[in-house]
Amino acid sequence: EPEVTQTPSHQVTQMGQEVILRCVPISNHLYFYWYRQILGQKVEFLVSFYNNEISEKSEIFDDQFSVERPDGSNFTLKIRSTKLEDSAMYFCASSSGSGQFFGPGTRLTVL
Amino acid sequence: QKEVEQNSGPLSVPEGAIASLNCTYSDRGSQSFFWYRQYSGKSPELIMFIYSNGDKEDGRFTAQLNKASQYVSLLIRDSQPSDSATYLCAVNKETSGSRLTFGEGTQLTVNP
């Protein structure tokens, strides 16, 4: 069964450093998303991407964040200058138009 | 008022019983409603979605939607210990493409 994959599974970085989180959505899906979940809190929407552009973004998704689909398979989230409060699980999801299917997540720890 | 509200639990049921999980939402424009299961330390796993008022059944799971009351529920019949997890209710405003807004989840424990 096709699934969303994410790398790395765990990323540790120093405050102020740039990180890139990678995702490979399900191949025939058209909608791509990033969510995050701070430990013990609810899942929060960051950004959605459709037809090679951002379709929606939340107030969390400020200028420090960017997304890219550099080729036909990968979907990336870049955080330019990480802050302590960026520590969270980051989930990529994809959809063909109905339910969204989540990847296993990347645990980002900012020290 | 929270956009999506769930009882945090924990909800504890014996094995074989029916577990009932509830969710209310504030935006009357919400169109689609989803239930996800999340095991500790894992990602959300889609169980069911429902668009129309009424019941939708899939195996041991039944989703119920009442748009007038802005209420959606999930029933799990013949609960198993492997059903022990946090159940997340999520809504979006369109039938496709838009963001999911999640509740904080209800923690379910099924006791053998």
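Because the model is predicted, local features need pLDDT of at least 70 and side-chain atom pairs count only at pLDDT 80 or more, whereas totals for chains, interfaces and linings use all residues. Residues are numbered from 1 along each chain as its sequence is written, chains are lettered from A and ligands numbered from 1 in the order in which they are written, and side-chain values use heavy atoms, with hydrogens and water left out.

**View 1. An open, antiparallel sheet of five strands in chain B.** The strands, which are DSSP runs of E with at least two residues, numbered from the N terminus, follow the order E1-E3-E8-E7-E6; two strands pair if DSSP finds at least two bridges between them. Strand E1 (4–6) and strand E6 (54–58) of chain B stand at the edges with a single partner strand each, so one side of each has no neighbour in the sheet. Neighbouring strands of this sheet are turned by 20° against each other on average, direction ignored, where the axes are lines fitted to C-alpha atoms. Strand E7 (residues 61–66) of chain B runs antiparallel to E6(B) and is joined to E6(B) by five bridges, and B:Ala63 in E7(B) is the bridge partner of B:Lys56.

**View 2. Two charged side chains over rings in chain B.** A charge sits over a ring if NZ of Lys or CZ of Arg is within 6 Å of the ring centre and within 35 degrees of the ring normal. B:Lys56 lies over the face of B:Phe49, at 4.0 Å from the ring centre, and B:Arg60 lies over the face of B:Phe61, at 5.5 Å from the ring centre.

**View 3. Aromatic pairs in chain A, and a ring cluster with members from both chains.** Rings of Phe, Tyr and Trp (its six-membered ring) pair if their centres lie within 6.5 Å, and planes under 30 degrees apart count as stacked, over 60 as edge-to-face and the rest as tilted. The structure holds 16 such pairs over all chains, including the tilted pair of A:Tyr33 and A:Tyr35, at 6.2 Å centre to centre with 35° between the planes. Both A:Tyr33 and A:Tyr35 are buried, that is, under 20% relative accessible area, with exposed meaning over 50% and partly exposed in between (1.4 Å probe, protein chains only). A:Phe49 and A:Phe75 form another tilted pair, at 5.3 Å and 45°, which links strand E5 (residues 44–50) to strand E8 (residues 75–79) of chain A, the two residues being 26 residues apart. A:Phe49 is buried at a relative accessible area of 6%, and A:Phe75 is buried at 0%. Ring pairs also link A:Tyr33, A:Tyr35, A:Phe45, A:Phe91, A:Phe102, B:Tyr36 and B:Phe102 into a cluster.

**View 4. The contact between chain A and chain B.** With contact meaning heavy atoms within 4.5 Å, 20 residues from chain A and 19 residues from chain B take part. The chains bury about 1,600 Å² between them, 53% of it on carbon and sulfur atoms; buried area is the accessible area (1.4 Å probe) that two parts lose on being put together, summed over both. A:Lys42, A:Gln100 and A:Phe102 supply 28% of the area that chain A buries against chain B, more than any other three residues.

View 5. A:Arg36 is buried, with a relative accessible area of 10%.

Methods. Helix = DSSP H or I, 4+ residues; strand = E, 2+ residues; numbered from the N terminus. Axes fitted to C-alpha atoms, helices over the stretch in contact; angles between N-to-C directions.
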